[in-house]
Amino acid sequence: SVEVASRVSALSTYVRQALSQYISDQSGVGSGLAGHARSIASTGSKSWRATAVKRLSMQDPSLFRGTRVSTALHRGARVFSNAPASAEDFERSEPVDGIDSFISHNWSTSRSRKFFVLLLHFNAGPAALAALVAAFAACVASANGVLATTSVSVRPAGEQLGLCAALAGNVVFVLVLLFGHECRPKALDKSIFLDKVCVHQTDEELKRKGIENLAAFMYNSRRMVVLYSEVYLQRLWTVYEVASFLMLHPGGRLQVRPMYLPVVVLSGMAIWFSYQLAMFVVQTRKVEEWVDHAHVFDRQYWEYVWLEHSICLVALIPASLVGGFVLRRWAQEQLQVRCHVERFRVRDAQCFCEEDRACVQKNIVAFMKYFDFCVPWATEVQVFEEFEALVRREVPQLLLADLSHVGVPWRYVALVFSSSLYSSCDFLAARLRLGMPAQEIAGFAVLDFVTGLVLCPLGVAAIASLARWSCRLRGVWAVAAVSASGLVALLCSAVWMFLQLLRARASTGSAPGSVALLVLLIL
């Protein structure tokens with residue numbers, strides 16, 4: 001019996017190797033797909049395994065397609081419109097070896113909202129870099145007297161301050177954000193999967209093959225970008241995509257981009273730049289002369305740094321309160337994620353095209369059995385119950401992990417306050433023209449950097465924590481908890497004043513001041 005078992009095992013190994021080689025020869029999509037096809041083929045040939053093999057190994061390489069970011073965002077992301085698909089949409093994609101981002105979204109969400117979310121996701125980084133280059137170029141021009149400057153009153157005598165770097169940085173950022181994808185080099189134009197253009201929508205046979213092999217697209221994607229909306233977890237397709245990504249890429253890179261993100265980031269940038277502009281106007285000598293002529297305040301008020309501190313509070317406390325209520329709304333939506341998932345049922349979930357439901361359900365059965373989430377002999381009802389349990393257990397954590405407790409990734413919070421870096425280039429130019437010592441200039445630069453990229457984002461994180469805590473309260477107490485966001489603005493302003501004092505001590509060569517500033521920066 002041992003000898004018979006040995007021979008059966010050898011024969012089984014030979015058959016699996018032959019099947020593996022056949023799939024490798026037939027797929028030809030690339031080392032990724034072929035290699036995975038071989039590993040799948042070596043596991044067996046039950047009906048559900050055969051389905052998994054067929055879904056994960058693209059038999060026709062010409063159907064493994066991706067499109068470019070520039071194509072997807074062209075003309076205001078026209079491909080995201082709900083207009084009937086045509087054969088021309090399929091021509092906007094091309095055969096690829098791998099996909100950088102799998103775009104998971106609902107067609108019921110408006111095209112404009114998805115367009116601005118994708119602009120932030122793909123263009124924000126290049127836009128911020130281009131803005132910094134433009135601001136630094138304006139800084140050099142201002143330092144050499146090429147660009148106009150004006151005298152200020154609350155700075156060292158003779159200082160000439162400009163606004164060109166701040167204007168150049170913000171204008172360049174907006175232009176690159178809106179149109180950067182149109183002129184991006186092909187080498188930097190990432191490949192993405194978008195169902196409308198990567199799966200043929202008019203040829204029924206090609207459409208069926210594309211839908212059946214959707215898992216192959218997900219397996220060969222480096223990351224999944226979720227355009228999260230209120231109905232995302234109520235649709236069968238999107239929940240299936242997230243759960244399949246979880247099965248294919250345990251611990252994989254999932255990036256969640258809520259639909260409210262552009263409103264928060266762009267409005268926050270506009271408010272912060274308006275504050276920077278108001279500070280510039282207040283500091284000019286023309287405003288000082290007007291105030292002296294009107295005899296409203298004593299001239300000495302304009303000589304104290306705390307005037308800037310007061311203006312900061314007047315501008316930022318209302319903005320903090322508004323931000324607190326906005327973050328509270330998103331915190332409530334985050335809490336609803338688990339509620340939406342708890343109510344999810346495979347048979348009851350909405351499907352944009354009911355004809356696709358049978359294919360999705362068949363894929364769920366195949367993958368749940370193949371990846372050992374249920375026993376091979378489980379019925380369809382039992383498989384769906386296990387799949388729903390998997391969704392309830394894993395999907396909420398997967399969706400919320402990318403957002404942290406703030407609800408917005410740090411890079412987008414830092415983007416809101418990026419105008420501080422552009423304005424610091426104007427101050428740098430003014431200090432260079434005055435001939436300030438390098439140590440003092442470095443102190444100012446470090447303080448501006450810490451303010452924009454550390455202190456202000458930490459303030460937003462504190463406001464977000466208050467917003468989440470207020471969701472546990474009701475009525476007046478909830479309003480009071482969110483209103484405490486104003487206290488966060490006070491605290492951040494006080495910390496800023498303290499850092500100003502340490503900066504002054506450090507720039508004069510005081511060892512204790514330098515050490516204290518260094519320790520605070522490390523913290």
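**Helix packing and backbone angles**

Modeller: Let's start with a helix pair: α11 and α15 cross with a left-handed sense. Bear in mind that this is a predicted model.

Biologist: Which residues of α11 and α15 make the contact?

Modeller: From α11 you have Leu236, Trp237, Tyr240 and Met247. On the α15 side they are Arg357, Val360, Asn363, Ile364, Phe367 and Met368.

Biologist: And how do the residues of that contact divide into nonpolar, polar and charged?

Modeller: Eight are nonpolar, one is polar and one is charged.

Biologist: At roughly what angle do the axes of α11 and α15 cross?

Modeller: Roughly 20°, and the axes come within 11 Å. For reference, α11 covers residues 236-248 and α15 covers residues 357-370.

Biologist: OK, new topic. What's the phi of arginine 75?

Modeller: Positive, about 55°, even though arginine 75 is not a glycine. Arginine 75 sits in helix α4, residues 69-77.

Biologist: Is arginine 75 buried or exposed?

Modeller: Exposed, because its relative accessibility is 53% and the cut-off for exposed is over 50%.

Biologist: What about alanine 77, what's its phi?

Modeller: Alanine 77 is not a glycine either, and its phi is positive at about 55°. Alanine 77 is also placed in α4.

Biologist: And is alanine 77 buried or exposed?

Modeller: Alanine 77 is buried, as its relative accessible area is 0%.

Definitions and conventions
Residues numbered from 1 in each chain as written. Predicted model: local features only at pLDDT ≥ 70, side-chain atom pairs only at ≥ 80, totals over all residues. Heavy atoms only, no water. Axes fitted to C-alpha atoms, helices over the stretch in contact; angles between N-to-C directions. Helix = DSSP H or I, 4+ residues; strand = E, 2+ residues; numbered from the N terminus. Left-handed = near helix turned anticlockwise from the far one by under 90°. Contact = heavy atoms within 4.5 Å. Nonpolar A, V, L, I, M, F, W, Y, C, P; charged D, E, K, R; others polar. Buried < 20%, exposed > 50% of the residue type's maximum accessible area, 1.4 Å probe, protein only.
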